[in-house]
Amino acid sequence: MKKILIGALFVLWAGPTFAACSGSVYDEYGYSVIGASVIIKGTMYGAVTDIDGNFTIPECKTRDTLQVSYIGYATREFCVGQTMNGFTVILCEDTESSDPVNTRATPSCIPNIGEGTSCPGGGGDTGGGIPCDKCPHCESMDWTDLNPGYQMRVTASCNTSQCRCTKRIEYRCAPGWYGTTTDGYTGCSRRGCSGTVYFENGDVVTGANVVVKNTTNGVVTDLDGLFYLSGCDVGTELIVTMIGLVRQDVTVTDADRTNMEITMPDDYGEINCDAGYYMDWSTGQSRCIKCPAYGNVAGQIAASNSHNFDNDITYCYIPSGTQINDATGAFEYTSNCRYSE
């Protein structure tokens, strides 16, 4: 009798691998998305991102399709591969959405692998998250105006292993403003000059006029001899006057812009000038000099005193309507003609 050995045939089937899968969700600017929904497509099984944008689904398997969504953003899908942890998902704003949350028009960002598709039915590892060779919208920005008097700079760097952009934002006061700001809204004010005016004996001068030369921008020193003058910066020329004291012409330097000390000696010169005479300070003491004439036409200027700190020779003029007949011919001034040094 023949013995027939019947062997049992065992077929070993390697099913999908089950394990927890985890990752992080960011927007296209590199900020964590809190409360994004991450589910296994076709199920209600999933997780919600935490305050850092992280999620963990306790049980996933290879070739699961994860679907990531958040209001105002386009839904993203990708395939789970052999690596189940460390996924990086970038959500782009849904520019076609009518949702009121989506208010900014933004350029499209880089697509995710497998976007809009499920995992293929065949074997092989086609997933594994989202590769990254750059971060979307991760550009640095040089100093630019933010608010009046404030500027902002952005220094950006891309972590390609996480597809995450890190941005450092700095603020400063704009040119012509001074101070320190940490928020781009407060701490800066217009550039200015400040200081104290003294007599020769060290006492402070109250009521001295401090003005920017050839302007009407000026102030008067207070009871402590102090002044603060806005619109003043390094290189600005100041004129300081006080009855009975020698006028001081001061050029602002960076070293003393906010702590100027100006000493005014006694002035034993002339205090008032009649009409037709300008006040000259070239010797350090005030003196009255007659305005230059043009031919037989006298130069004119209003009567002045030591308060008319800009009442110098450039304020002398030949009046409108004056008729001149010289080597160049006969003509008439149609407006006041001021003297030019």
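C173 and C188 are joined by a disulfide, with an S to S distance of 1.9 Å. The link is left-handed, at -85 degrees about the S-S bond. C173 belongs to strand β10 (residues 164–173) and C188 to strand β12 (residues 188–190), so the bond ties together parts 15 residues apart in sequence. Both C173 and C188 are buried.

The model is predicted.

## Confidence along the chain

The protein chain has a mean pLDDT of 76. Of its residues, 75% reach 70 or more. Confidence in the protein chain is highest in strand β19 (residues 260–264), at a mean of 94. Confidence is lowest in strand β23 (residues 304–305), at 68.

Two stretches call for care. Over residues 1–14, pLDDT stays under 50. The model gives residues 1–14 0 contacts beyond four places in sequence. Over residues 97–133, pLDDT also stays under 50. For residues 97–133, however, the model has 72 contacts beyond four places in sequence. Where pLDDT is low, predicted coordinates should not be read in detail.

## The other disulfides

The structure holds 5 disulfides. One of them joins C21 to C60, with S to S at 1.9 Å. This pair links distant parts of the chain, 39 residues apart. C21 sits in strand β1 (residues 18–27), and C60 in strand β4 (residues 54–61). Both C21 and C60 are buried.

Another disulfide is formed by C291 and C316, whose sulfur atoms are 2.0 Å apart. The torsion about the S-S bond of C291 and C316 is about -70 degrees, so this disulfide is left-handed. C291 lies in the loop between β22 (287–290) and β23, while C316 lies in the loop between β23 and β24 (317–318), so the pair ties together parts 25 residues apart in sequence. C291 has a relative accessible area of 5%, so C291 is buried. C316 is buried too, with a relative accessible area of 1%. One further cysteine, C337, has 31% relative accessibility and therefore counts as partly exposed.

## A four-stranded open sheet

Which strands form the open sheet, and in what order? The order is β3-β2-β5-β6, with antiparallel pairing. The edges are β3 (46–48) and β6 (76–79), each of which pairs on one side only. From one strand to the next, the twist averages 15 degrees.

Inside the sheet, strand β2 (residues 37–40) pairs with strand β5 (residues 65–69). The pairing is antiparallel and runs over 4 bridges. V38 has V68 in β5 as its bridge partner. Strands of a sheet pair through backbone hydrogen bonds.

## Salt bridges

Side chains of opposite charge can pair when their charged atoms come close. The count comes to 6 salt bridges. One of them joins D249 and R247, at 3.0 Å from N to O. D249 has 46% relative accessibility, so D249 counts as partly exposed. R247, at 11% relative accessibility, counts as buried. Salt bridges that share partners also join R153, R168 and E170 into one network.

R168 counts as exposed, at 55% relative accessibility.

E237 forms a salt bridge with K213, with the closest N and O atoms 3.9 Å apart. E237 lies in strand β17 (residues 237–242) and K213 in the loop between β14 (209–212) and β15 (218–220), so the pair ties together parts 24 residues apart in sequence. Relative accessibility is 43% for E237, which counts as partly exposed. K213 also counts as partly exposed, at 30%.

Notes: Residues numbered from 1 in each chain as written. Predicted model: local features only at pLDDT ≥ 70, side-chain atom pairs only at ≥ 80, totals over all residues. Heavy atoms only, no water. Pairing = 2+ DSSP bridges. Helix = DSSP H or I, 4+ residues; strand = E, 2+ residues; numbered from the N terminus. Axes fitted to C-alpha atoms, helices over the stretch in contact; angles between N-to-C directions. pLDDT = per-residue confidence, 0-100. Contact = heavy atoms within 4.5 Å. Disulfide = S-S within 2.5 Å. Buried < 20%, exposed > 50% of the residue type's maximum accessible area, 1.4 Å probe, protein only. Salt bridge = Lys/Arg side-chain N within 4 Å of Asp/Glu carboxyl O.
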